[in-house]
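Dear colleague,

Please read them with the model open beside you.

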Amino acid sequence: MPQTPATTTKSRARGLERAFAIIHYLHLGKEPKRPIEIAVGMEAPKSSVYELVGILTSLGVLERTDTEGRVFLGRKLHHWGLSYIENFDLTRFAQPMLEFITEKTRETSQLCMVDGDKYTVVMMNEGSRQFRISADVGQRIPLPWTASSRLLLAHLSDAEILDFVPDEDFVLPDGSTLETQDFISSIRSAQNDSFFSFDSLADTYTHCFAAPVYDGSGQCMSTLCLIAPKQDATSNFQMYRDVLTRAASDLTNALKSGPEQNIQAAE
């Protein structure tokens, strides 16, 4: 059957979607793969994956890493990422705010967002104390494990939250299971307070603070976070909360008002 313009357009769209899916698959796996491994892992047609990997490699979006044909994300993506950072107001404006938080508290500060159905640290400014607390930027973590999720998911209904978060993500690092209703209740409490903090569920030594950064529609688009040892968090709780919520409010306003607002807030 001859292809019509409509079917040709749909075919190209599917090819484009699959090309981005290949890039995302490699990003999540964080290691080079052969085309056959990509096809099997994605449950995608082998011929299509081989063809798209060849095109993406010829364009520099993917790069071969060995003689066995394994490929990984290419340097062109790095250059695109730098351009994105230079022109994306949130990350550009966030750095002075992170520095402000760490200067006032000496603790590690972070900018955090949702990545797919997971939480990730987008930017981090390490604390100035001798023993520093840090996290892997870009690592994807189950949302229920984090303080930030209580703010990042607040715009969703209860049913939408439970549909969005995978069931297995309610299993905590210690093997226990977080009750879904407790998770929903903590989200509504955080939504009401525009703030959330708790002893970390990922380790036994730290306390996590999170404050929302809102977009133009009033939805929490990201959070500013502060990670502190439990004892220091208890001793300095109100000061830490005040510094963090001020920085988050300033970042929200900076995104609305432009770089002048951001510079003023960081002084």
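**Notes on the predicted model**

Phe198 counts as buried because its relative accessible area is 12%, where buried means under 20% relative accessible area, exposed over 50% and partly exposed in between, with a 1.4 Å probe and protein chains only. Before going further, please keep in mind that this is a predicted model, in which local features need pLDDT of at least 70 and side-chain atom pairs count only at pLDDT 80 or more, while totals for chains, interfaces and linings use all residues. Residues are numbered from 1 along each chain as its sequence is written, and side-chain values use heavy atoms, with hydrogens and water left out.

The ring of Phe198 pairs with that of Phe196, and the pair is edge-to-face because the centres are 5.4 Å apart and the planes lie at 65 degrees; rings of Phe, Tyr and Trp (its six-membered ring) pair if their centres lie within 6.5 Å, with planes under 30 degrees apart counted as stacked, over 60 as edge-to-face and the rest as tilted. Phe196 is also buried, at 13% relative accessible area. The whole structure holds six aromatic pairs, and another edge-to-face pair is that of Phe195 and Phe237, at 6.2 Å centre to centre and with 90 degrees between the planes. This pair links distant parts of the chain, since Phe195 lies in the loop between α8 and β6 and Phe237 in helix α10 (residues 237-257), 42 residues apart. Phe195 is buried, at 5%, whereas Phe237 is partly exposed, at 29%. Ring pairs also join Phe195, Phe209, Phe237 and Tyr240 into a cluster.

As for the overall fold, the chain has eleven helices and eight strands, where helices (H or I, at least four residues) and strands (E, at least two) are DSSP runs numbered from the N terminus. Six strands form an open sheet with antiparallel pairing, in the order β5-β4-β3-β8-β7-β6; two strands pair if DSSP finds at least two bridges between them. The edge strands, each pairing on one side only, are β5 (140-142) and β6. Within the sheet, β3 (residues 108-115) and β8 run antiparallel and are joined by five bridges, and Thr108 has Ile227 in β8 as its bridge partner.

Strand β8 also holds Ser222, which counts as buried because its relative accessibility is 0%. Leaving aside neighbours within four places in sequence, Ser222 is in contact (heavy atoms within 4.5 Å) with Leu90, Leu111, Cys112, Met113, Leu152, Ala211, Pro212 and Val213.

Which residues touch the most other members of the largest nonpolar core? In this core of 26 residues they are Ala147, Leu153, Ile161, Val165, Phe183 and Ile187, a nonpolar core being a set of buried Ala, Val, Leu, Ile, Met, Phe, Trp, Tyr and Cys residues joined through side-chain atoms within 4.5 Å. The elements giving two or more residues to this core are β4 (118-125), α6 (149-152), α8 (180-193), β6 (196-199), β7 (206-214) and β8 (220-229), and α8 gives the largest share, four residues. Apart from this core lies another, of 25 residues, including Phe93, Leu224, Leu226 and Val243.

Finally, buried residues make up 39% of the 267 residues in the chain.

With best wishes
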